[in-house]
Amino acid sequence: MSSSQSVSPQKTRTSPPVVLSRRWHWASRQAISFLMQQAVENPDVISLAAGLVDPVTLPVEETQSAVADLLRDPAVARHALQYGTTAGSLRLREQLLKYLARLEKCSVKDLGLESEQIVLTTGSQQLLSLVGEILLDPEDICLVAAPTYFVFLGTLNGLGAQAVAVKTDQDGMCMDALEQKLAELESQGKLDRVKLIYLVSYYENPSGLSLSAERRERVVDIAGRWSKNQKIFILEDTAYRELHYDGPVLPSVWSFDESRESVIQALTFSKSYSPGLRVGFGAVPKSLVTPICDRKGNEDFGSANFNQNLLAIVHEQGLFETHVEMLRNSYREKRDAMLAAADDYFSGLDGVDWVHPHGGLYVWMTLPEEIETSFESELFQRAAQVDEVMYVPGELCYPSATDSMTGVNASPPTNHMRLSFGVQTPEGIDEGMRRLASAVRFTLDRS
Ligand SMILES: Cc1ncc(COP(=O)(O)O)c(C=O)c1O
């Protein structure tokens, strides 16, 4: 054998390129991954960015008691340790009808919902994603508040769909602006592309604002009237509904949909019990139950059955209500600590303003227009590296102007910050706000 023949062909061939799908490309460079990485790489930084829940108030004892109960009877334990169904545990779904009736302040019968219309998912994020997948083809349109939940904006990007911003004020998405946007899209021949209106109706992530009662009723009417050649659904994300500290208790958008065919309500136990269990669910129109379950069948054919059975026991034993009451008290104190610190450290700064939320986990702060808050900005770099404090840049929470196929989104504002009071102690919140004010003052002085 000659020396040239002895060379393995594999050694001389250059490795072929990795060709990833368009769906990967649409989903790449998620801001959430960058933020998580920053937090891990900078352990001394006080994070007012993380949307995690308070570790101290996680329900260890309640969960110990429920696990013991679940494992006590071997037959029940085996059932929970087995695969479940795609739509999820019937035991939990029946509890959830009662739970939803309590939230909606009506009887189970008056909910007008059957247990089959409760679909259990891996966190509510999976439900948001499944709804997007079954309704939106690439270039289809979802109307969103501006600002709104940035992870869902990433989900829409990942589908190649268009998030189109609707003007938003202190009372949430403006209904006149929504009608105007729909009329604009119709005149551009794009109304048939509109399939969804996404609303975080209680204490929006990031703004902390809630949609007013009057607008809740109007949005259902608007979606119905503009459903011409195809239905426009409303995806109501009520992730923070239970974290209510003061102010009026508002009815859900879902409650105004008497047909039960227009609004999908996405709920989660991540904020009100434990995100580690990853139990979320949807109250879903009958026409969407099978499509959602078909799609979920492709992904996992059922979320964690054990966790669902565990949560059923938490509800059956009445452990949930007392826990959530304790949580509200704890987060109210933290919200107050953040607002007091904002008053102490920021009230002397011209052009700085912030929202006073009645619930949720976030304070939305506005800086003078010339102060940029992006990852690349002087403020972010100064805050993270010198003052050792981190926030979420507000511009992440707006549909981006650059990749807009419709060209209907205005340039997002670049002078907002989302500040979370979920994870830090009241003392940590105070210190974080003191540091942040120092970075803002430094940047203001140089502008
Ligand atoms: C507005 C909103 N919706 C949905 C979610 C998803 O939460 P999970 O998947 O844990 O239920 C979050 C998480 O932070 C959120 O802020």
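Me: What makes the count between domain 1 and domain 2 come to 11 residue pairs in polar contact?

Reply: Each of the 11 residue pairs, both at pLDDT 80 or more, meets the rule: a pair of N or O atoms within 3.5 Å, where within protein one must be able to donate a hydrogen and the other to accept it, and residues adjacent in sequence count only if both atoms are side-chain atoms. This is a predicted model, where local features need pLDDT of at least 70, side-chain atom pairs count only at pLDDT 80 or more, and totals for chains, interfaces and linings use all residues. Residues are numbered from 1 along each chain as its sequence is written, and side-chain values use heavy atoms, leaving out hydrogens and water.

Me: Why is the link between R328 and E242 called a salt bridge?

Reply: The term asks for a side-chain nitrogen of Lys or Arg within 4 Å of a carboxyl oxygen of Asp or Glu. Across the interface of domain 1 and domain 2, two salt bridges are found.

Me: How do you know which parts are domain 1 and domain 2?

Reply: The bounds come from an automatic or database domain assignment, which gives 29–58 + 322–446 as domain 1 and 60–317 as domain 2. Contact (heavy atoms within 4.5 Å) takes 35 residues from domain 1 and 42 residues from domain 2.

Me: What makes about 3300 Å² count as buried between the domains?

Reply: Buried area is the accessible area (1.4 Å probe) that two parts lose on being put together, summed over both. Domain 1 and domain 2 bury about 3300 Å² this way, 61% of it on carbon and sulfur atoms.
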